[in-house]
Amino acid sequence: HMCDHLRPVILDDLGLVPALNWHLEQFSAQHPEVDTHFGGFEQKVYLPHEKEIAFYRICQEALNNVGKYAEASRVSVELQLCGEQLELSVCDNGIGFNEEAIRHKAGGWGLGLLGMRERAAAVGGSVFIDSSPGVGTEIKVALPVESMEENLFVKAFA
């Protein structure tokens, strides 16, 4: 069960899009009070495994934070190709937080937020956090898609 949680077989068998959708369904079953929405591609996204797992684990951590802290009634996960970048967005309408206060708190960033940043950086990506108290939070991961990856990626949609 632990291995499936960290790297589900669906990620290897069906790819990133079904794995993200599956994880959001799992989140919804655990948090029926939160309305969930997934916006992604219908077909498999072809990326190297290390990039797929980074996206999956970042989404997993972002949803974990929504479940633990956000007090949200709605969360959406979106995956889209924007120019030469693949972007993952996890957006909720929860209580939000003051990013500066979190950053200056004893110990700095929480382990979850720090882990997301480190995972993205390890595969050449970056994480952007937009949150305000009372407004909600958006976590966006941007990952450059190299020309060879882009060709494989686009072929999935031809």
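**Surface, fold and labels**

Mentor: The accessible surface of the protein chain comes to about 8,500 Å², with 54% of it belonging to carbon and sulfur atoms. Such areas come from the Shrake-Rupley method with a 1.4 Å probe, and for residues only the protein chains shown count as cover. Bear in mind that this is a predicted model, where local features need pLDDT of at least 70, side-chain atom pairs count only at pLDDT 80 or more, and totals for chains, interfaces and linings use all residues. Residues are numbered from 1 along each chain as its sequence is written, and side-chain values use heavy atoms, leaving out hydrogens and water.

Trainee: Why is Cys59 called buried?
Mentor: Buried means under 20% relative accessible area, exposed over 50%, and partly exposed in between (1.4 Å probe, protein chains only). Cys59 has 1% relative accessibility, so it counts as buried.

Trainee: What is the phi of Glu71?
Mentor: About 55°, a positive value although Glu71 is not a glycine. Glu71 lies in the loop between helix H4 (49-70) and strand E2 (74-82); helices (H or I, at least four residues) and strands (E, at least two) are DSSP runs, numbered from the N terminus.

Trainee: What makes Glu71 exposed?
Mentor: Its relative accessible area is 68%, over the 50% cut-off, so Glu71 is exposed.
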